[in-house]
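Hi,

Here is the structure I promised to pass on. Have a look, and my notes follow below.

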Amino acid sequence: MSLTTQSDVSLSEQGVGQLVAKDFRYAHIFSQFGIDFCCGGGRSLASACNKANVELSDVMSELKKLEQTGQKEDALNLLPVAELIDYIEAKHHSYVREKSPLLVEYSQKMVRAHGEHYAEIKPLAGWIRALVDDLTPHLMKEEQILFPAIRAMGSGETVNACFGHIGNPINAMQHEHDDAARILEKLHELTNDFQPPEHACTTWRVCYATLAEFEADLKQHIHLENNILFPKALALAN
């Protein structure tokens, strides 16, 4: 029987978002075990494993394997805030704006073709619309209010904004991230975890595949903001 080492205890007590910020490869392992590292990034690894109903020892074993595989895959946490914001906007904000209309289009086609025959179709279209309607103003608030303030702080400028301390809009954005995560949970329920039924048409299958891709991108998007950008901004404000 193996004994738990002090390093094991230390690792299990760290927040999963903090761990991913240190080594991006952890995100892949957490995703495999169904551990939420973006909106649930503040939970300790032990708590996150308990919530996901997985064995902490199994997850720890996979994390330790990474120590033997060379350099970390990602250095986004080392970027200055302005460059990190550039990356988030170019990669993730652009992705949301590109894919959101497609998801709405696919779901509406499904409603027209199958809405009267399959009970999950109309609610699915409604939740996709809710997700898009939540994210669209969210991106604008970040780009027009929060991100310019963080950029200014990163340049050493004094920020005199109507929102007061930078923590106020950050908290608001984090709450909106949580709202998006709850909608994704509903979409998982309605789609059997994005697994189309055997009778699904091509549009149905493409919609589910796009949803799975959209969720993966959004989780990375939220992680970069919640666990890397926002802590950097709060540190600048101190």
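**How two helices pack**

The axes of helix 7 (residues 121-154) and helix 9 (residues 202-237) come within 12 Å of each other and cross at roughly 25°. (Axes are lines fitted to C-alpha atoms, for helices over the stretch in contact, with angles running from 0 to 180 degrees between N-to-C directions; helices are DSSP runs of H or I with at least four residues, numbered from the N terminus.) So helix 7 is roughly parallel to helix 9, a label for angles under 35 degrees. Their contact involves 21 nonpolar, three polar and two charged residues; Ala, Val, Leu, Ile, Met, Phe, Trp, Tyr, Cys and Pro count as nonpolar, Asp, Glu, Lys and Arg as charged, and the others, Gly among them, as polar.

Before going on: this is a predicted model, where local features need pLDDT of at least 70, side-chain atom pairs count only at pLDDT 80 or more, and totals for chains, interfaces and linings use all residues. Residues are numbered from 1 along each chain as its sequence is written, and side-chain values use heavy atoms, with hydrogens and water left out.

**Over at helix 4**

Ala46 sits in helix 4 (residues 45-52). It is partly exposed, at 32% relative accessible area (buried is under 20%, exposed over 50%, partly exposed in between, with a 1.4 Å probe and protein chains only). Leaving aside residues up to four places away in sequence, Ala46 touches Ser12 and Leu56, contact being heavy atoms within 4.5 Å. Gln14 is 32 residues from Ala46 in sequence, yet their C-alpha atoms are 8.4 Å apart.

Cheers

Note on methods:
Angles under 35 degrees count as roughly parallel, over 145 as roughly antiparallel, 65 to 115 as roughly perpendicular and the rest as oblique.
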